[in-house]
Structures are given as C-alpha cells and as structure tokens.
Amino acid sequence: MVMVSSEQRVLSGAEETFIRVDLAACYRLAAHFGWDELVLNHISARVPSEPNHLLLNPLGLTWDEIRASDFVKIDFSGAVVDGPARRLNPAAMALHGGVHAARPDINCVMHLHTNAGIAVSTHPDGLLPLALDGTQFHAEIAYHEFEGITAHDEERESLTSDLGRKSIMFLRNHGTVYCGRTIRDAFFRAFIVEKACQIQIAALSQGITPRRIPDAIVNSVVKEFGPLNTGLTDLVFDAMKRKLDRIDRSYRD
C-alpha cells in the first residue's frame with residue numbers, strides 16, 4: 001500500500017483547486033465570447049493528481065453561471081467519483097472519455113457548436129488558409145465524419161482514430177473540438193480557430209473566390225509559431241481571468 005503524506009494531499013488539493021478555477025474561467029470566457037449553447041456542450045479537464053478522472057459540468061447550468069465548485073468528478077466511462085448529484089450530458093462521454101483515455105498528453109477537451117465552426121465543418125475543404133488566424137494551427141487540424149448524436153460508446157474509436165496525434169478536430173456537420181496540454185492551451189486554440197472560421201464565412205460571402213495563403217507560407221507560419229507561442233497562452237489566459245474578475249468573480253467560488 002502506498003502511503004500519501006499530508007503534504008502530498010495538500011499539494012494535490014491545491015492543484016485541483018487551480019484546475020477547477022481555470023476550468024470555470026474557461027466556461028465563463030466561452031459564454032462571454034458567445035460560444036455557449038443554452039445548457040448544452042461541454043469542456044472537460046483532467047484532475048492533476050488523478051489522471052483517470054475528469055471534471056465536467058453538470059447538465060442544467062448555463063456557462064455564464066458555472067463556478068469552480070460545480071464540477072462533477074467522473075471516470076472515463078462517466079461514472080461519478082465525486083461531486084454534486086447532478087445529471088450529466090450523456091453525449092459528453094464518447095468524446096471526452098474517449099479522448100482523455102486515448103491521449104494522456106491531453107488535459108483539456110472543449111466541444112463547441114458555434115455557427116461559424118459548424119459552417120466551416122460543412123465545407124468540403126474544411127478550414128481554409130485565408131488569414132494568419134488559424135494558419136498557425138494548420139498542421140494540428142483533423143476531421144471526423146458525422147455519425148449522429150455523439151452519445152454512443154461505439155463512436156469513441158472512430159473519434160480518437162480521426163483525432164490521432166492532433167489537437168483540433170472539426171466534427172463534420174456538427175461542431176468543433178479543441179484539445180490542449182492545459183486548459184489555457186485549449187482556450188487559445190479555440191479563440192484563434194473560431195475567429196478563423198468567422199473570417200472564412202465572411203470571405204466566402206463576398207461572392208468571389210478568396211485568395212489562399214500558399215502552402216509554403218502556411219508551412220513556414222506553422223514552423224515559426226511554435227517558439228513564438230512559448231508562454232503566450234499563460235499571458236493570454238491570465239489577462240482573460242483579470243477581465244472576468246472585473247465582470248464577476250463568482251466563477252472562483
């Protein structure tokens with residue numbers, strides 16, 4: 001039997017508290033930017049000291065009211081480990097349970113149904129290289145064919161197979177998925193790619209064929225962005241949390 005010291009328990013508890021606050025902030029920011037859909041959709045985060053457990057929002061709360069204490073701790077099958085006895089969205093488990101189980105390097109998964117994201121998911125060529133926004137993540141984008149409501153365990157295998165080692169996935173005729181090593185990484189990817197989707201819809205609405213960025217330039221942007229991104233997601237997310245604090249600090253509760 002492995003003995004856990006009181007100091008280790010305190011550190012584990014502090015790590016989980018930090019993740020809960022960041023996750024609640026991510027939900028509030030998603031609502032702030034208009035990425036929420038009633039009480040539906042979901043963002044999950046792995047519990048730092050419990051890699052086989054996730055934090056997920058209970059069904060019924062709007063994203064602009066979610067607090068750090070509201071999350072339910074579950075395993076990859078969706079069984080509740082700890083938290084309020086609230087109903088969970090069954091459509092969350094094939095995606096979140098599947099991705100977290102298959103990719104131990106991923107600690108946050110965001111699933112959105114924005115109009116722009118869904119529209120781009122229906123384009124035969126998916127996200128086009130039309131602007132800097134989105135181009136830096138070009139090599140990280142995968143696509144998954146529509147299989148109906150994502151509420152069946154059978155779809156876990158195809159979802160994780162299509163995602164592979166990438167971190168962004170367009171669910172055809174459905175929505176978008178953003179993964180990250182941290183909640184902050186996933187949020188940053190979502191912000192940039194959702195903006196890229198809006199740019200694509202606007203560009204295509206002009207009634208002319210938009211100019212694409214040449215492949216060689218796309219590849220150079222992908223290559224150069226890696227070193228530039230060091231520490232950027234922390235700077236961005238900390239600034240966004242300060243924005244939230246000025247609006248409503250209750251997400252920290």
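Helix α2 is largely enclosed by the rest of the structure, because 10 of its 12 residues are buried. Buried means under 20% relative accessible area and exposed over 50%, with partly exposed in between (1.4 Å probe, protein chains only). Helices (H or I, at least four residues) and strands (E, at least two) are DSSP runs, numbered from the N terminus.

This is a predicted model: local features need pLDDT of at least 70, side-chain atom pairs count only at pLDDT 80 or more, and totals for chains, interfaces and linings use all residues. Residues are numbered from 1 along each chain as its sequence is written, and side-chain values use heavy atoms, leaving out hydrogens and water.

| Helix | Buried residues | Cover includes |
|---|---|---|
| α2 (91-102) | A91, A92, M93, A94, L95, H96, G97, G98, V99, H100 | β1 (42-47), β2 (50-56), β3 (72-75), β5 (108-112), α5, β8 |
| α5 (155-163) | E155, R156, L159, T160, L163 | α2, β6 (141-144), β7 (168-171), β8 (175-180) |

The buried residues of α5 line one face of the helix, because they fall within an arc of 125 degrees seen down its axis. The arc is that of the directions from the helix axis to the C-beta atoms. On the other side of α5, E157 and S161 are exposed.

L127 touches V120, I141, Y143, F170, V193, A196, C197 and Q200, leaving aside residues up to four places away in sequence. Contact means heavy atoms within 4.5 Å.
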